[in-house]
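Here is a friendly tour of side-chain contacts and helix packing. Have a look at the model first, and then we can go through it together.

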Amino acid sequence: MHDKFLKDLLKLIQQGAKDYDLEFYKKNSSFNQFDFLDAKEQDFYEGSLADLNYIRLEMRQMLYRIFIVSVFILIEKRLSDFCNVLQKNKKQIFSYKDLGRSNIKAMTTYIQKLTGENLLVELKIAEQLSIFTAVRNLIVHKNGYVDEDTKNKLKKYSEESPHCFKFSKDDEIIFDNDRYLVDVMNIGIEIDKKIRSKEIKLIN
């Protein structure tokens, strides 16, 4: 997982969102210049424009969610691969999967047990990764709606970092812009860099 790949993926997501924006703005511009024959025709075009705006906003949320989940998958894969390298290098019988659930917590715990180093503490991203994991779980398991277990945690974070995300009246997570995507991407890049440095130590 190289930083160029993540940056290129983010650009694709950003461009996709911009394409939907552009389509809507073009339609809106032509709508404002149109001479309607009657109120019925105007209602029809207003309804069409409202539908297009709804699609634009929904697609933005979908694209942003795709990126967030994709980065999480890549981080899991990177950590899993490194755990397997460590297991082989340290000639261990047990793998990280023997610690219970095959999640990021199990992987980072396994790395700490075999190297004596806490990856998340070194990178100072423990809290960020915890929030990222909670956001990802909402998207994957709750269709983006916050549950009682994470409501206070995520809402507190969103209030302290308003540029990241917010919640609708129905408690659905909403991304107003791509700034949180950049935060997520940077978490992935930092983890990849740290693992690569550890891999080099193993070789040497």
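This is a predicted model: local features need pLDDT of at least 70, side-chain atom pairs count only at pLDDT 80 or more; totals for chains, interfaces and linings use all residues.

A salt bridge here is a side-chain nitrogen of Lys or Arg within 4 Å of a carboxyl oxygen of Asp or Glu. Lys151 belongs to helix H6 (residues 151-160) and Asp171 to the loop between strand S1 (166-167) and strand S2 (173-174), so the bridge ties together parts that are 20 residues apart in sequence. Helices (H or I, at least four residues) and strands (E, at least two) are DSSP runs, numbered from the N terminus. Both Lys151 and Asp171 are buried, where buried means under 20% relative accessible area, exposed over 50%, and partly exposed in between (1.4 Å probe, protein chains only).

A word on conventions: residues are numbered from 1 along each chain as its sequence is written, and side-chain values use heavy atoms, with hydrogens and water left out. Local features need pLDDT of at least 70 and side-chain atom pairs count only at pLDDT 80 or more, while totals for chains, interfaces and linings use all residues.

Lys198 sits in helix H7 (residues 179-203), and Glu117 in the loop between helix H3 (104-115) and helix H4 (119-123), 81 residues apart. Lys198 counts as buried because its relative accessibility is 6%, whereas Glu117, at 25%, counts as partly exposed. Elsewhere, salt bridges link Arg78, Asp192, Arg196 and Glu199 into a network.

## Helices H1 and H2

The axes of helix H1 (residues 3-32) and helix H2 (residues 39-89) come within 10 Å and cross at roughly 175 degrees; axes are lines fitted to C-alpha atoms, for helices over the stretch in contact, and angles run from 0 to 180 degrees between N-to-C directions.

Across these helices, Asp21 in H1 and Arg56 in H2 are 35 residues apart, and their side chains meet in a salt bridge (2.8 Å, N to O). Asp21 and Arg56 are both buried. Arg56 also lies over the face of Phe24, at 4.8 Å from the ring centre; the rule asks for NZ of Lys or CZ of Arg within 6 Å of the ring centre and within 35 degrees of the ring normal.
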